[in-house]
Amino acid sequence: MDLLMSDVRLFVKAVEVGGLTQAADALGVPKASASRQLKRLEVLVGHTLLHRGAGRFGLTGEGRLFLPTAKEVLEAVDQARAQLSDTDETLTGQLRISVPGYVGRELLSPHLAAFMAAHPQLKLTVDVSADRVDLFREDADVMIRAGREGCEELVARRIKRLARILCAAPSYLNRHPAINAVNDLAGHSFLTSGPERQAMEMVIPGLDREHIVEATGVFRANDPELLLRLACAGGGIALVPLLCAKAAIQSGSLVPVLPSLDLMPKELNLMYLPARRNTRKIRTFVDFIFEALEPSIQVQKHEGPTSEGGTDPRFLATNSFPCSAVAVATGPQERGLDVRYQQLA
């Protein structure tokens with residue numbers, strides 16, 4: 001009996017997704033067939049590879065030994081198929097991209113039309129989501145996300161560093177004392193997508209060190225645009241990517257808080273499965289996006305630490321906004337305005 005790649009692929013997928021039923025769903029295989037495929041593979045190698053039963057699923061000792069070889073075999077086959085497909089100049093099939101909404105709008109949307117025009121027979125699907133998708137379950141081919149937490153098994157190529165900003169609505173700041181230093185942040189309400197800490201702790205990721213602030217409340221959400229909406233409604237001080245907040249700041253709905261404080265940027269990464277690094281449609285898309293974004297990437301390489309990670313008002317004006325003045329939040333003022341405006345050269 002010869003080894004079947006479909007059986008090996010099912011075994012590897014079952015390990016990746018944590019179950020035979022889930023693997024069958026991901027691969028589009030009938031569940032009854034999946035069980036027969038695994039048994040056929042185990043008969044061929046002469047060992048039980050997976051424990052399976054009520055409430056029990058996992059690799060046997062032999063399965064752990066077989067898994068690295070199985071992955072190498074699949075990767076070699078996938079690479080060979082990708083190389084053979086290179087003989088056909090026309091890209092076909094489907095390419096699925098998962099991206100946060102603000103990144104899709106601000107970074108991708110200006111370039112997608114050109115990519116689609118260059119590859120008219122490739123069906124492009126963009127899933128706008130703040131949640132991480134499971135590439136092992138084939139929810140998408142390529143994923144763009146800030147940070148790499150939970151994605152250590154993926155190939156990650158850094159697109160750029162995302163500057164972050166503390167910002168709040170003038171109406172919120174007008175109700176509180178002036179904020180002139182990090183210590184003045186104590187006692188405020190915060191809106192963040194950061195990891196959960198003690199109930200009333202907020203971590204401000206400074207470029208040189210983390211600042212721990214005692215807050216009156218910390219609201220957490222994985223969607224920075226939700227945080228922005230709450231901030232615009234006066235719900236607190238939001239820690240969000242500058243790319244996401246720039247329109248609200250430009251309109252005056254939000255203003256920077258402590259703009260001279262350098263914040264640690266987040267890395268924006270494009271990620272995909274190691275086994276698919278040579279898939280032609282993925283490689284073509286990755287090369288296209290990096291070439292399209294090359295001007296902004298080169299600009300960032302020459303910026304100092306404040307402009308790439310902090311929110312110096314000059315950076316806000318020259319790199320993000322056409323306006324010549326930026327609102328700098330310092331608290332309520334006597335002129336009937338909620339903020340002081342710092343004129344910029």
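Start by selecting residues 5-17, helix H1, and residues 31-45, helix H3. This is a predicted model, and in it the two helices pack at an angle of about 105° with their axes 9 Å apart. Angles of 65 to 115 degrees count as roughly perpendicular, so that is how H1 and H3 sit relative to each other.

Now show side chains where they touch. From H1, pick Ser6, Asp7, Val8, Leu10 and Phe11; they meet Ala34, Gln37, Leu38, Arg40 and Leu41 of H3. Sorted by class, this contact has six nonpolar, two polar and two charged residues.

Next stop: the sheet. Colour the strands in the order S11-S8-S12-S7-S13 and you have an open, five-stranded sheet with mixed pairing. At its edges are S11 (217-220) and S13, each pairing on one side only. Zoom in on S8 (residues 189-192) and S12 (residues 237-241), which run parallel and share two bridges. Click Phe190: its bridge partner in S12 is Ile237.

Then select residues 242-251, helix H8. H8 lies across S7 (164-168), S12 and S13, running at about 125° to S12. Which H8 residues are buried? Look for Leu242, Leu243, Cys244, Ala245, Ala248 and Ile249. Just past the end of H8, Gly252 has a positive phi of about 90°.

Last, find Leu258 in the loop between S13 (255-256) and S14 (266-272). Its phi is also positive, near 50°, and this residue is not a glycine. Most residues other than glycine have a negative phi. Is Leu258 buried or exposed? With 8% relative accessibility, Leu258 counts as buried.

Terms used
Residues are numbered from 1 along each chain as its sequence is written. This is a predicted model: local features need pLDDT of at least 70, side-chain atom pairs count only at pLDDT 80 or more; totals for chains, interfaces and linings use all residues. Side-chain values use heavy atoms; hydrogens and water are left out. Buried means under 20% relative accessible area, exposed over 50%, partly exposed in between (1.4 Å probe, protein chains only). Helices (H or I, at least four residues) and strands (E, at least two) are DSSP runs, numbered from the N terminus. Axes are lines fitted to C-alpha atoms, for helices over the stretch in contact, and angles run from 0 to 180 degrees between N-to-C directions. Angles under 35 degrees count as roughly parallel, over 145 as roughly antiparallel, 65 to 115 as roughly perpendicular and the rest as oblique. Contact means heavy atoms within 4.5 Å. Ala, Val, Leu, Ile, Met, Phe, Trp, Tyr, Cys and Pro count as nonpolar, Asp, Glu, Lys and Arg as charged, and the others, Gly among them, as polar. Two strands pair if DSSP finds at least two bridges between them.
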